[in-house]
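Please look over the chain below before reading on. The briefing that follows takes up a few of its strands and helices, grouped by topic.

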Amino acid sequence: MSTHAKRERLILADLLESSGPEAPTLCDGWKARDLAAHVVVRERRADAAGGLLLKSLAPRLDRVQGEFTAKPYEELIQLIRTGPPRMSPYALKQVDEVANTVEFYIHAEDLRRAVPDWTPRELDSVFQDALWKRLEKMARVFGRKSPVGLVLRRPDGQTAVARKGTPVVTVTGEPNELVLYVSGRQRVARVEEEGQKEAVARAHDAELGL
C-alpha cells in the first residue's frame, strides 16, 4: 500500500530532476544538488546524519555531505527514488511515514517556492489531516526557539501550542502552510498572523524549526 511518505518522496525526486542541480531552494546557501545530497545522507549515513542535531558531529556531517554533493546529480536522485537501504530504520514503513512525510513535503516546497510565480499545490483533506497529526506531535519541537508564545490554528478552529508564553501570536492556515511556518519558512507560508504588531514581527523573523 502506498503511503504519504512514499508519494512525497517521488514528488521530491521528480522536482529535483526537473529543476536541475543549480536550481535555487529556500535553504540558505543550498542549491538543488545540496538538498539532494542532504536527503541521501540523512537516510543512508546514520553515522553522519547525527550532525543535524548534535553540534559535536557537525564537522563529520559537513564532510560526508560534501562527498555526496560531489556525486553525479542523477545518482543522487536515483538514490532518493529507490529509498534507504534495507537495513536502515527508514526502510520500515512505519518509520518512513513518521519521519519522512513532513520532511519530504517541506523539501519539495523548498524547491517549488524558491522560484518566482510559484502557485500553491492542491492537497487533499486526507493528506492535510496527516500533516496536522504530525504537527500536533511536533509543534513544541519546531516552536521551541520562538521568542513569543505561538499558537497554530487550522481554519476549522483546531489548535496546537508550539510555544507557551506571552505575548501570544496565533498563526492560522491550512496544516501544510503551518508546517512550513514552524519549520522556518515563514516568509513563504500562506497564513494569517494575529497578535501584537511587535510580537508578530518577532515570530515572523524567528529561526523556527529543528
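How many of the five residues of strand 1 (residues 149-153) are buried? In this predicted model, four of the five are buried, so that the strand counts as mostly covered.

**Strand 1 and its partners**

- Strand 1 pairs with strand 3 (residues 168-172) in the parallel sense over five bridges, and it pairs with strand 2 (residues 159-163) in the antiparallel sense over four bridges.
- Arg 153 stands opposite Thr 172 in strand 3, and Arg 153 also stands opposite Thr 159 in strand 2.
- The hairpin of strand 1 and strand 2 has five residues between the strands, and in this hairpin Gly 157 takes a positive phi near 100°.

**Helix 1**

- With 16 residues at 1.5 Å a residue, helix 1 (residues 4-19) should span 22 Å, and this agrees with the separation of its end C-alpha atoms, which are 22 Å apart.
- The buried residues of helix 1 are Ala 5, Glu 8, Arg 9, Leu 12, Ala 13, Leu 15 and Leu 16; seen down the helix axis they fall within an arc of 160°, and therefore they line one face of the helix.
- These buried residues pack against helix 2, helix 5 (73-82), helix 6 (93-112) and helix 7 (125-142), whereas the face turned away from the buried side carries the exposed residues Glu 17 and Ser 18.
- Just after helix 1, Gly 20 takes a positive phi of about 90°.

**His 38 in helix 2**

- His 38 lies in helix 2 (residues 32-44) and is buried, with a relative accessible area of 7%.
- His 38 and Arg 7 are 31 residues apart along the chain, and their C-alpha atoms are separated by 19 Å.

Conventions
Residues numbered from 1 in each chain as written. Predicted model: local features only at pLDDT ≥ 70, side-chain atom pairs only at ≥ 80, totals over all residues. Heavy atoms only, no water. Buried < 20%, exposed > 50% of the residue type's maximum accessible area, 1.4 Å probe, protein only. Helix = DSSP H or I, 4+ residues; strand = E, 2+ residues; numbered from the N terminus. Pairing = 2+ DSSP bridges. Expected span 1.5 Å × (residues − 1). Arc of directions from axis to C-beta. Contact = heavy atoms within 4.5 Å.
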